[in-house]
Amino acid sequence: MRGRGDRLEAALAERGLDRMLVTDLVNVRYLTGFTGTNGAVVCGPGIRVFLTDFRYTERAAAEVSEWETVTVTGDWLGGIAERLAGKVGFEDDHVSVRSLAKLEEKLPEGAEAVAAGGAVEALRRVKDAEELAAIAEASKLADAALKATVEEGFVGKTERAVADAFEGHVRAGGGTLSFDTIVASGSNGAQPHAEPGPKVIGRDELVVFDMGAKLDGYCSDGTRTYATGDPGEEGRRVYDTVLAAQQASLEAIRPGEKGEDVDAAARKVIEEAGHGEHFGHGLGHGVGLDIHESPRLSLRSDDILAANEVVTVEPGIYLAGNLGVRIEDLVIVTDTGLRNLSTLPKELTVVD
């Protein structure tokens with residue numbers, strides 16, 4: 001966590017703020033390392049305070065360093081408010097109207113709450129070496145779990161059973177899930193966020209497998225599409241198109257590139273194949289402590305990529321009532337291009 005408070009303080013100066021109140025627990029964890037369910041941070045020139053309640057005093061002692069730790073007894077908001085002064089940024093994208101009103105009632109004289117949502121999230125976009133290592137390990141675990149699941153076979157099993165098998169391998173490897181696993185076979189694959197259910201996976205189908213693991217709080221995200229035999233001419237053609245689109249967008253990733261332009265590289269390939277209307281979601285998103293973070297790779301993204309950001313690259317084609325194909329890699333933006341964390345093969349693989 002070293003240096004993150006200093007980076008936040010510098011960001012406050014740019015926004016004309018005297019202090020920042022951070023209450024979103026993911027952002028609190030990012031700044032301090034605290035993993036409990038009740039905590040807040042006050043940061044500014046000369047002040048680095050982490051606040052929690054008596055339930056987490058011992059955990060805070062073990063997890064939080066470089067911050068003064070305060071155990072608030074009694075009035076939680078009052079304990080926070082007495083440490084605020086001047087123009088105080090608060091996370092308006094996480095704080096309810098009611099909670100803000102209660103906080104403002106307790107602010108010291110002269111203190112003013114100022115909307116400053118996204119301040120910490122902006123810092124989280126660029127990962128440090130510790131974060132990159134954690135994400136790489138999560139991706140490695142997820143890929144190993146999917147490889148083991150593929151080796152156990154798909155045909156004759158329900159989508160839910162295959163998803164359960166993957167999830168069991170993740171947990172056996174010491175991880176948890178970064179999101180609900182998607183296993184979508186045949187026509188179910190045309191639903192980008194299909195939920196695995198009782199459908200039995202048959203032969204000669206395409207199976208979309210979207211999965212991720214979480215280790216030490218950091219997420220991974222990846223997708224492969226498999227065949228359980230011959231997916232037919234249309235299935236093979238769609239697969240090849242998605243693979244070519246992904247390769248085009250991977251080649252476009254570098255620092256300084258616009259998110260919309262990376263998306264456009266993939267979308268151009270898909271549109272030229274006659275499937276523009278069948279690629280309805282953005283190309284990718286950032287990944288870190290949350291499974292969906294900035295930056296965004298989409299037609300409407302004004303984000304500009306920077307080194308050490310982590311993004312997914314996941315074009316897809318979805319033919320309603322027929323089939324779907326998505327191929328997704330998790331990559332780190334480097335000084336000259338990218339480092340791909342996804343290790344599983346991308347040629348169309350047949351699974352029994």
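Ala, Val, Leu, Ile, Met, Phe, Trp, Tyr, Cys and Pro count as nonpolar here, Asp, Glu, Lys and Arg as charged, and the others, Gly among them, as polar.

Now the ground rules. This is a predicted model, where local features need pLDDT of at least 70 and side-chain atom pairs count only at pLDDT 80 or more, while totals for chains, interfaces and linings use all residues. Residues are numbered from 1 along each chain as its sequence is written, and side-chain values use heavy atoms, with hydrogens and water left out.

Overall build. The chain has 10 helices and 19 strands. Those are DSSP runs numbered from the N terminus: helices are H or I with at least four residues, strands are E with at least two. The radius of gyration is 23 Å, close to the 20 Å that the globule rule gives for 352 residues, so the chain is as compact as a globular protein of that length. That radius is taken over C-alpha atoms, and the globule rule is 2.2 Å times the number of residues to the power 0.38. Along its principal axes, the C-alpha trace spans about 70 × 40 × 35 Å.

How much is buried? Of the 352 residues, 52%. Buried means under 20% relative accessible area, exposed means over 50%, and partly exposed is in between, with a 1.4 Å probe and protein chains only. The accessible surface of the chain comes to about 15,200 Å², and carbon and sulfur atoms hold 48% of that. Those areas come from the Shrake-Rupley method with a 1.4 Å probe; for residues, only the protein chains shown count as cover.

Contacts next. A contact is heavy atoms within 4.5 Å. Take contacts between residues at least 6 apart in sequence: 67% of them join residues at least 24 apart.

On to the pockets. We work on a 1 Å grid over the protein atoms alone. A pocket is an open set of points with protein on both sides within 12 Å along at least five of seven lines; a cavity is a set where a 1.4 Å probe fits but cannot get out; lining residues have an atom within 4 Å of a point. Grid points are joined across faces, edges and corners, and a volume is the space filled by probe spheres set on the points.

The largest pocket has a volume of about 460 Å³. It is lined by 25 residues, and I182, P192, H193, D210 and H292 are the closest to its centre. Helix α8 (159-172) and strands β13 (284-286) and β14 each give two or more residues to this lining. By class, that lining has nine nonpolar, seven polar and nine charged residues.

The second largest pocket comes to about 260 Å³. Of its 16 lining residues, T23, W76, L77, V95 and S99 are the closest to the centre. Helices α4 (76-81) and α5 (97-106) each supply at least two lining residues. What is the class make-up of this lining? Eight nonpolar, seven polar and one charged.

There is one cavity of 30 Å³ or more. The largest cavity has a volume of about 40 Å³. Its lining is S139, A142, D143, M211, S220, D221, G222 and S342. Helix α7 (residues 129-151) gives the most, with three residues.

Now the backbone. Most residues other than glycine have a negative phi, and most peptide bonds are trans. Here are some exceptions. A cis peptide bond joins S294 and P295, with omega about 5°. P295 is in strand β14. E66 is not a glycine, yet has a positive phi of about 70°. E66 lies in the loop between α3 (57-63) and β4 (68-71), and is partly exposed at 42% relative accessible area. D216 is not a glycine either, and its phi is positive at about 50°. D216 is in the loop between β10 (213-215) and β11 (218-219). With a relative accessible area of 64%, D216 is exposed.

Last, two loop residues. Is S298 buried or exposed? S298 is buried, at 15%. Its loop runs between β14 (293-297) and β15 (310-313). Beyond its neighbours within four places in sequence, S298 contacts G259, E260, D263, G282 and L283.

G337 sits in the loop between β18 (329-333) and β19 (338-340). G337 counts as buried because its relative accessibility is 10%. Leaving aside neighbours within four places, G337 touches I253, R254, P255 and I332. The C-alpha atoms of G337 and A252 are separated by 8.1 Å, with the two residues 85 apart along the chain.
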